[in-house]
Amino acid sequence: MAAPEAPIAAPELPSKDDTKDELAALDALEKEASEFNKDAEIDRILKAFRLDAYAVLNLQPGVPDTQIKIQYRKLSLLIHPDKTSNPSAPTAFDRLKKAQTELMDPKQRTHLDECISDARMLLIRERKLTTDSPEVKEPNAEFLGAWRKKTVEVLVDAEARRRKQLKAQMQEEGREQRKVDEEVEQRKRRREHEVKWEESREGRKKKKLKVLG
């Protein structure tokens with residue numbers, strides 16, 4: 001007759017202190033992972049080409065306004081300066097806000113979309129392709145990368161032209177303002193001359209009367 005099997009010992013339950021330590025360790029790991037995600041996103045935003053609002057928000061051109069708002073809210077909550085100790089968070093947050101503002105402005109978004117479209121057409125011409133070419137209709141990673149690079153070039157050129165026009169406008173406004181200031185100064189000198197002439201005229205009259213008397 002076989003000997004009875006020994007009862008299996010129940011596993012030892014962790015103590016309350018052990019449970020607290022494990023929970024604390026898990027919390028620490030989650031916090032570390034969260035901070036890593038925040039730092040990575042801050043780094044991505046700072047490296048994104050700032051003239052391309054889509055790149056800053058990590059969005060594809062043509063997305064609806066609702067997607068822009070959702071993406072901005074998600075990223076702004078992730079990298080908000082009050083929620084991370086990363087010293088670059090304020091700068092990244094400001095760029096994120098600026099990108100969202102630009103995409104929600106119809107005029108600025110249209111300008112950006114036109115630059116992206118122009119970059120695509122320039123790339124197609126440079127490669128002697130057509131809009132029906134397979135690599136254009138179904139672009140691979142290489143084509144998309146070249147498109148992004150060309151977009152940067154187009155945006156830089158557009159920004160250079162904008163600044164040049166603004167400088168010329170400010171110079172013209174400065175010339176107009178100087179002209180106005182000169183006219184004001186001339187009128188002032190003319191009035192001062194007239195006042196002095198009248199004062200000297202009165203003086204001459206009084207002197208003449210005194211001599212006659």
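A pocket here is an open set of grid points with protein on both sides within 12 Å along at least five of seven lines, and its lining residues have an atom within 4 Å of a point. Everything below comes from a predicted model.

**View 1. The second largest pocket and the residues at its centre.** This pocket has 15 lining residues, and the ones nearest its centre are Asp52, Leu59, Gln60, Pro61 and Arg148. The space inside the second largest pocket comes to about 370 Å³.

View 2. H7 is the top contributor here, with five residues.

**View 3. The largest pocket and the residues at its centre.** Now for the largest pocket, with a volume of about 480 Å³. It has 14 lining residues, and Glu102, Gln108, His111, Glu159 and Arg162 are the closest to the centre.

View 4. H5 has the largest share, giving five residues to the lining of the largest pocket.

**View 5. What kinds of residues line the largest pocket.** Here the lining splits into six nonpolar, six charged and two polar residues. Glu102 and Arg162 are among the residues closest to the centre of the largest pocket, and Glu and Arg both count as charged.

Terms used: Residues are numbered from 1 along each chain as its sequence is written. This is a predicted model: local features need pLDDT of at least 70, side-chain atom pairs count only at pLDDT 80 or more; totals for chains, interfaces and linings use all residues. Side-chain values use heavy atoms; hydrogens and water are left out. On a 1 Å grid over the protein atoms alone, a cavity is a set of points where a 1.4 Å probe fits but cannot get out, and a pocket is an open set with protein on both sides within 12 Å along at least five of seven lines; lining residues have an atom within 4 Å of a point. Grid points are joined across faces, edges and corners, and a volume is the space filled by probe spheres set on the points. Helices (H or I, at least four residues) and strands (E, at least two) are DSSP runs, numbered from the N terminus.
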